[in-house]
Amino acid sequence: MKLINGDFRNIDWPKNIQTVIVDPPYNIGFNYKSSFKDRLKGAEYKELIKNMLQKSYEHTNNSGSFFLINYPEIVAELYETIKQTDWQVYQWINWVYPTNQKAKYKFTRASRCVLWLTKENPKLHIDAVTQPYKNPTDPRVRKHIENGKTGTHLYDWWEINIVKKGSKQHLGYVNQIPEELLKRLILTTTDEEDLVVDPMCGTGSTLITASKLNRNGWGCDINSDLQELWDSYDI
């Protein structure tokens, strides 16, 4: 696992990337505890994301995947920017989660989008992650179970708890992505020893999850305050 302090636009990327997973700044004013301003002008934000997409495409295998995690309305705003790149939109996955927060004038936000982009011939292991059968007494399902199958394919919506302060996973950073979600993306699109990259890696949780799954990880982040946290990892 390799973590680099720096702006992804100004450093050398590794080659032969298999999967990129990124949860970029949302551009709505979050405090990322760094010098990064989370309120760029619309055109500047789109250019930042486009640059990241293009750089990722150049260094990713033809069988590679790119996952962009963000709020649905922001992904919608970025959709035309994404279509200007060579990435192909493969699937929109909805990540939903319970929350104690309540919106006063809207329905409570409890979801994010995981937009799955691919190249020419994506590596796929859809059976690598399954969910329990909903109707195990159905004769056809019973037969699958008798043949050793433990579950069926996931739906395109995943209910996974967010990482809250005080939880075992929490590393003290805003909007940390849960390990279960990262695990699903990695297992579905990579093999052991493949390279997983996060160009805005924050705490490095994507790379930690990749390492636990015997994948190689590479990431960078502009926030120099993260170096002390990275140095504490024993992976």
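Predicted model: local features only at pLDDT ≥ 70, side-chain atom pairs only at ≥ 80, totals over all residues.
Local features were considered at pLDDT of at least 70 and side-chain atom pairs only at pLDDT 80 or more, whereas totals for chains, interfaces and linings use all residues. Residues are numbered from 1 along each chain as its sequence is written, and side-chain values use heavy atoms, without hydrogens and water.

Rings of Phe, Tyr and Trp (its six-membered ring) were paired if their centres lie within 6.5 Å, with planes under 30 degrees apart counted as stacked, over 60 as edge-to-face and the rest as tilted. By this rule, the count is 8 aromatic pairs. Tyr-57 and Trp-87 form an edge-to-face pair, at 5.2 Å centre to centre and 90° between the planes. Tyr-57 belongs to helix α1 (residues 42–59) and Trp-87 to the loop between α2 (72–83) and β4 (88–96), so the pair ties together parts that are 30 residues apart in sequence. Helices (H or I, at least four residues) and strands (E, at least two) are DSSP runs, numbered from the N terminus. Both Tyr-57 and Trp-87 are buried, where buried means under 20% relative accessible area, exposed over 50% and partly exposed in between (1.4 Å probe, protein chains only).

Lys-119 lies over the face of Tyr-57, at 4.0 Å from the ring centre; this requires NZ of Lys or CZ of Arg within 6 Å of the ring centre and within 35 degrees of the ring normal. Arg-9 is likewise placed over the face of Phe-8, at 5.7 Å from the ring centre. Phe-8 forms one aromatic cluster with Trp-13 and Trp-218.

Leu-124, in the loop between β5 (111–118) and β6 (130–131), is partly exposed, with a relative accessible area of 34%.
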